[in-house]
Amino acid sequence: MKLALYQGPSFAGDHRATFDKIHQMVSAASAAGASMIVFPELFLPGYNQSGLLNRDAQTRGEGWEAQLCKTASKIQCAITIGWAERDGDQVFNAASTFGAGRQVLARYRKLQLFGPTEAAIFSPGDDYTVFDFEGIKTALLICYDIEFSHHARCLAEQGVELILVPTANSEEYPNVPEILVPARALESGLSVAYANYCGTENELTYSGGSVIVGPDGNALAKAGKTETLLISEIPKIASYAAHSLSTQLQDFRKLT
């Protein structure tokens, strides 16, 4: 399965410009043979938009989801993207995967809210989301979630081979894509696709460094700090030599 990952700037609440970019990048990914493209965290309406996140958050099945389903179906390329979801009085930092058959394949709510700003806006999620995509057992996490080894381990124990991670990592934390994401992939024996922003949004500068990492911890594709469309084949774990993969899942000894 060929996967695409888009790293680019936030459109800071300009929904028309955002959807124009989504359409452009999904088309480019499809033309390159990708079956799916992953966009950053809260790409709708933008991550560092505290004034818009509550106002613009949408419920499931409304305008954003309907439009994303239509785009994925029309171009025949699945879309994974972060967005602000409203459920009654609560707002969630969410991500969804929209299939080429005009269906929602997965919905997920961020478990680990980062800092007081996120905690003041969002309610945390309470469960993992696992689904099959082209024969690969796949899961969603969002940004800070992947920094906790427990979550990757729990997903690996469920047989997950690929974790898709929309993110909004700032320049203050370059070790996340450079060290922590490869570590999560290696120690849990799965692939991780980490889609970040680049540029600046309301005085928050993003680190870029989006990366697709294989289960041996090595980068399959990696971005710098500018707008980039990464494309990589996602290998089956069985295709790797046993000596190149960690045995931590089998060897872990839990103390009581």
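Me: What percentage of the 256 residues in the protein is buried?
Reply: This is a predicted model, with residues numbered from 1 along each chain as its sequence is written, local features needing pLDDT of at least 70, side-chain atom pairs counting only at pLDDT 80 or more, and totals for chains, interfaces and linings using all residues. Side-chain values use heavy atoms, with hydrogens and water left out. Buried means under 20% relative accessible area, exposed over 50%, and partly exposed in between, with a 1.4 Å probe and protein chains only. Of the 256 residues, the buried share is 55%.

Me: What is the radius of gyration of the protein, and why does it agree with a compact globule?
Reply: The radius is taken over C-alpha atoms, and the globule rule is 2.2 Å times the number of residues to the power 0.38. For 256 residues a compact globule would come out near 18 Å, so the protein agrees with its value of 17 Å.

Me: How many helices and strands are there in the protein?
Reply: Both are DSSP runs numbered from the N terminus: helices are H or I with at least four residues, strands are E with at least two. The C-alpha trace that holds them spans about 50 × 45 × 35 Å along its principal axes. The count is 7 helices and 14 strands.

Me: Is Asn-169 buried or exposed?
Reply: Asn-169 is in the loop between strand S8 (162–166) and helix H6 (175–188). Leaving aside neighbours within four places in sequence, Asn-169 is in contact with Cys-143, Val-176, Pro-177, Tyr-194, Asn-196, Tyr-206 and Ser-207. Its relative accessibility is 3%, so Asn-169 counts as buried.

Me: Which residue has the backbone oxygen that the side chain of Asn-169 reaches?
Reply: A polar contact is a pair of N or O atoms within 3.5 Å; within protein, one must be able to donate a hydrogen and the other to accept it, and residues adjacent in sequence count only if both atoms are side-chain atoms. The side chain of Asn-169 makes its approach at 2.9 Å, and the backbone oxygen belongs to Tyr-173.

Me: Which peptide bond is cis, with omega near 5°?
Reply: Pro-45 is in the loop between strand S2 (36–38) and helix H2 (50–56). The cis bond runs from Leu-44 to Pro-45.

Me: Is Leu-42 buried or exposed?
Reply: Leu-42 also lies in the loop between S2 and H2. Its phi is near 50°, a positive value in a residue other than glycine. At 0% relative accessibility, Leu-42 counts as buried.

Me: Is Glu-203 buried or exposed?
Reply: Glu-203 lies in the loop between strand S10 (200–201) and strand S11 (204–205). Although Glu-203 is not a glycine, its phi is positive, about 70°. With a relative accessible area of 80%, Glu-203 is exposed.

Me: How far apart in space are Ile-237 and Glu-161, C-alpha to C-alpha?
Reply: Ile-237 lies in the loop between strand S14 (228–233) and helix H7 (248–251). Not counting residues up to four places away in sequence, Ile-237 touches Glu-161, Gly-189, Leu-190, Pro-215 and Leu-245. Ile-237 and Glu-161 are 76 residues apart in sequence, and their C-alpha distance is 7.1 Å.

Methods:
Contact = heavy atoms within 4.5 Å.
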